[in-house]
Amino acid sequence: MALNIRGILGRLRSRGAGPKLKRRKALDNMAWTYFPRLKILLLVVGYAWMLCLPLKELSRGIYIDENALQPGGVNTNWNWGDVHRADSYLSELERLRDSNATSIERTDYISLQFQKLRIPTSIQNYTFYTRSGPIYGSNAYAILSSPRYSGAEATLISASWLSRMGDGDGTLNLRGVATVLSLAAFLNQYSLWSKDLIFVISDGYMEGMQAWASAYHGRTQSNMHAEPLQLTSGMIWTALDIDYPGHSFSHLGIFWEGLNGRLPNQDILNSFHVISRNTGGVPVLLHDNHDPNDDNWRDPLPVSWLPSTLGNNGRVKDYAYRARNLLRHVTYQARGHPSGIHGLLHQFHIDAFTIFAVPATGPHGFHTLGRIVESTLRTCNNLLERLHASFFFYLLPEPGTFTKIGNYLPSAVVISTAILFSGLRSWVQAGWVEVPVPASKEGRAKGSQVVKWERRSRPSLQAVLIILATHAWGVPLYFISTWPTPPRLLALACLCSSMLLASRFIDKIDSDTRKIAPIWMLLRSFNLCFASTVISATSVLNFSLAAVLAVLLGVPLSFSGPTDDVLTSVTLRFAYVLLAIFWFTPAWNVMDQAVWDWEFLGGYFSPFICMIYVPIIWQAVIVASLTNRS
Amino acid sequence: MDINFAFGGLVAARLLLSFVPLPDQLKYDHLLSSPLTSNLRLHEGIYLFKNGVDPYSGGVFYQSPLYLSIFSTLLPLNRVSSPIIWTLIDAVSAYALVQTWRARSGVGKSNRDALLAAVYLFNPYLFLPSLAFSTSSISNMLHLLSIMFAARRKTSPALFCLAALVHVSLSSTLLVLPVIILLLGQPKSSLANPKPISIDFEKGRMIGLEFLAHFAVLTLTSTFISGGFQWLWQTWFVELSLPDLTPNPGLWWYFFTEMFDHFRPFFLVAFSVHLLIYIAPVCIKFQYDPLYAAFILTGVLGTVKAYPTLSDPGLFFTMISLFPEILPYLRYPIVTSLIHLHASLLLPLFNHLWLSQGTGNANFFYASTLVFGVANGAALMDCVWAGLRIALGETKEGYEVVQQ
């Protein structure tokens with residue numbers, strides 16, 4: 001049998017392979033020459049796309065995807081009698097507040113009210129063991145069994161004792177609690193519920209709901225003791241958290257961001273929007289941001305800097321408003337910090353959000369809120385199957401509109417592609433070296449330098465080990481982030497300088513760069529490729545986090561590398577270190593909250609920053625500190 | 001460092017790792033065990049078997065009767081024995097890999113041995129399924145053992161391991177031809193200087209017959225153990241008829257969840273025959289280096305077989321270390337590695353989005369298995385290219401290699 005290898009070794013001009021080879025060479029050359037421009041183009045497109053996200057053109061009006069929901073299709077029966085009942089609950093609660101009642105006394109009172117309504121009720125005590133001592137609390141809850149079905153499914157209505165005002169700053173949610181109690185009495189009268197109704201009055205802010213939801217779903221954690229629940233029901237599908245801190249309200253705000261950036265299904269939010277507008281006649285806000293046409297509109301910062309003609313322009317105002325909504329969303333989602341106690345439920349596959357009655361002098365109160373919640377519960381009650389999976393990916397720039405995934409995801413992915421291409425270029429660059437050739441006579445006469453490209457080897461193992469070491473170095477960084485500020489900053493400085501010191505030793509690895517690629521090129525290549533992968537993988541899990549990473553890392557990494565100029569190099573390294581550790585400085589009070597979230601709620605933001613984000617920048621610092629060999 | 005010492009150290013580290021209290025979740029992971037290799041189903045089958053119920057009468061147990069007999073008598077599975085057994089299986093596989101390397105390179109002990117063992121024992125695609133006690137570790141062991149014995153010209157052990165391999169995983173039929181050629185030829189690398197080989201067909205026929213004899217013995221034993229022929233339909237035929245559409249990282253399951261029933265037989269045949277068409281071209285092309293042909297076919301199995309887990313492509317990637325001579329000729333190793341990096345992040349992520357978090361659906365996970373398929377395909381194509389390209393040697397000044 002004759003052997004036939006289908007590669008041919010031929011001269012460049014040989015007839016068969018010539019044109020194809022030429023095309024390939026031309027393509028290679030073109031890719032190499034135009035590459036820097038392509039990178040800049042991708043970066044510009046990516047960053048511009050980020051800036052365009054608030055534009056009206058990228059979003060569209062909301063619609064209801066699940067036909068079974070039928071929002072606002074029922075007559076509501078909540079009336080002034082129920083409002084009166086809520087008022088009397090409120091005055092009792094106020095009495096408890098004024099007498100400085102302990103949480104046990106409060107839950108006893110609440111539980112007693114459920115008993116009076118003949119709804120099965122129970123109390124759950126819990127303890128959180130924090131660094132500053134234990135936090136005790138107790139939740140009251142009641143389960144109204146569905147008169148029509150077996151109780152395999154349930155809807156949750158909750159109110160926390162502390163309102164979400166100022167992230168649980170101590171404002172009481174008395175009217176929210178009163179609403180839930182009064183709703184329990186009201187909903188008990190009807191036999192149309194196809195799902196069990198669970199009423200939870202949780203203690204504290206996040207702690208109570210964390211203890212309750214963990215116990216309900218059989219989760220334990222070492223720093224929390226939560227009593228097991230005596231009453232349980234089936235799987236919870238939807239949950240409404242009612243937060244009503246003022247004495248009346250003009251708008252209802254929705255808070256929907258959950259732990260680790262999880263979002264509820266958009267259909268639930270859309271239904272609430274429709275019901276609130278049509279049934280209750282209350283305009284809906286995203287978070288508590290008023291819109292520009294409202295009296296409560298506060299001039300957002302960027303607009304007040306602009307000349308007044310621009311600042312008063314409708315489109316500019318509109319853009320600023322939508323941008324502010326999105327930024328607010330990013331601050332919650334990127335940090336993975338729940339914007340209300342509903343955020344603890346998404347991990348259990350529950351579509352939950354908080355209805356926040358934005359404090360105002362009027363005109364709405366218990367009467368409107370009760371009708372809206374009643375109608376929303378009827379809509380939840382209609383659900384026959386899980387809401388569709390495609391409705392979990394959205395941005396809400398404005399009430400009543402949303403941006404779909406195809407319109408926002410590419411912004412982060414394009415930037416990550418630019419980073420990826422820079423990394424690949426570094427890899428190619430590492431594989432070849434330019435060698436001057438003793439010029440021929442004609443060449444010397446023309447005075448042109450003749451060079452040729454030679455291959456060199458790319459030992460990857462060392463670079464991979466260095467990268468792994470920087471990520472391992474993130475573990476001490478995590479422990480440092482749990483310390484109080486002064487020692488924390490000191491230890492941070494030590495860790496960062498250890499990176500600069502390490503680069504002294506890494507610099508010694510390079511030997512003959514004619515034969516072996518310099519270490520900085522390999523390191524840079526892997527650093528960039530890894531960063532790009534992290535951004536694209538995160539983008540489907542938590543878009544805000546991916547966007548923040550893309551914006552922060554895009555330009556700094558794409559243009560990283562050693563420089564010959566000492567001053568530039570030092571400035572660059574300083575800038576990188578700053579970019580790495582600004583989260584930890586007291587000015588950005590992010591890490592304390594993030595560490596708390598990780599320890600008690602399981603939010604992964606702080607380990608992510610310590611073990612992925614900072615090490616990626618450290619790698620860039622090492623690259624920038626190495627000697628610029630080519 | 002002494003290889004025995006290093007090997008012992010690696011195995012001990014691996015054993016320690018398998019005793020780390022891992023969440024049982026690992027056993028349920030779709031990426032680590034398929035319905036054909038799941039440890040949970042094995043336990044179920046053993047339970048039924050011990051209680052006198054035919055494990056093949058339901059739709060739960062799809063594994064060989066040999067596993068039933070071995071794990072219900074000789075090696076009972078429990079919390080202590082399972083980690084030890086699976087570590088030993090991996091140790092034997094790593095040993096087989098090292099021995100194959102020695103046979104191929106023609107040297108005795110070398111520094112590379114420890115590296116090879118580590119590449120097997122600590123390849124995440126291999127040790128994660130092993131921590132989930134997936135029986136794919138056993139088929140990987142048989143796979144490497146048959147190649148090792150063939151490389152060392154131990155005809156009968158090689159054929160026995162091969163017969164056992166085909167018995168527990170029918171799609172490994174792809175390996176039969178290259179292993180037989182390897183028994184007739186030699187394991188040394190001749191990628192760089194290919195020449196036609198002369199095959200002693202008479203001897204080949206004898207080897208083929210011996211293989212069939214081993215295979216027949218195993219088949220009869222299985223029939224005897226399970227007391228009937230029902231197991232044939234519930235093990236081998238399952239790989240052809242795909243009754244269980246539990247998601248896995250392969251390319252088959254999603255197609256057949258979407259397919260109308262009346263097209264099913266046609267596409268089942270197309271998918272199965274598709275696997276077979278690779279045997280002849282690869283074995284003819286790489287006849288001068290049958291070990292390389294076996295390696296390429298391992299890659300084909302890892303990419304397009306019926307119920308793959310991570311350990312199938314994992315075996316292919318570990319086997320690359322047997323052929324260090326091809327590494328400089330790979331065209332796009334970093335691209336392949338990057339696609340793999342993406343796939344290995346996306347696969348668990350999308351599986352989680354779909355099945356735990358509920359915010360994605362099957363299409364998400366399917367998309368990530370496609371990325372994984374592209375990554376495996378890219379690696380396979382590049383290895384075929386490099387294996388052929390190496391014969392042309394270093395390019396000379398002013399010359400280029402093109403594919404026509």
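Colleague: Why is the unit made by β9(A), helix α6 (residues 266–280) of chain A and β10(A) called right-handed?
Modeller: The three elements form a β-α-β unit, and a crossover counts as right-handed if, with the strands pointing away from the viewer, the path from the first strand over the helix to the second runs clockwise. The model is a predicted one, in which local features need pLDDT of at least 70 and side-chain atom pairs pLDDT 80 or more, while totals for chains, interfaces and linings use all residues. Residues are numbered from 1 along each chain as its sequence is written, and chains are lettered from A and ligands numbered from 1 in the order in which they are written.

Colleague: How do you know that β9(A) pairs with β10(A) and with β11(A)?
Modeller: Pairing requires that DSSP finds at least two bridges between two strands. Three bridges join β9(A) to β10 (residues 284–286) of chain A in a parallel arrangement, with A:Ile254 opposite A:Leu286. Seven bridges link β9(A) to β11 (residues 351–360) of chain A, running antiparallel, and there A:Phe255 faces A:Thr354.

Colleague: What makes the span of helix α16 of chain A close to the expected one?
Modeller: The expected span is 1.5 Å times one less than the number of residues; α16(A), residues 519–541, has 23 residues and reaches 33 Å from its first C-alpha to its last, close to the expected 33 Å. Of those 23 residues, 22 are buried, so this helix too is largely enclosed by the rest of the structure.

Colleague: Why are α11(A) and α16(A) called roughly antiparallel?
Modeller: Helix α11 (residues 405–431) of chain A packs against α16(A) at about 160 degrees, with the axes 8 Å apart. Angles over 145 degrees count as roughly antiparallel (under 35 as roughly parallel, 65 to 115 as roughly perpendicular, the rest as oblique), and the two helices are therefore roughly antiparallel.

Definitions and conventions
Helix = DSSP H or I, 4+ residues; strand = E, 2+ residues; numbered from the N terminus. Buried ≥ 20, exposed ≤ 12 C-beta atoms within 10 Å, placed from the backbone. Axes fitted to C-alpha atoms, helices over the stretch in contact; angles between N-to-C directions.
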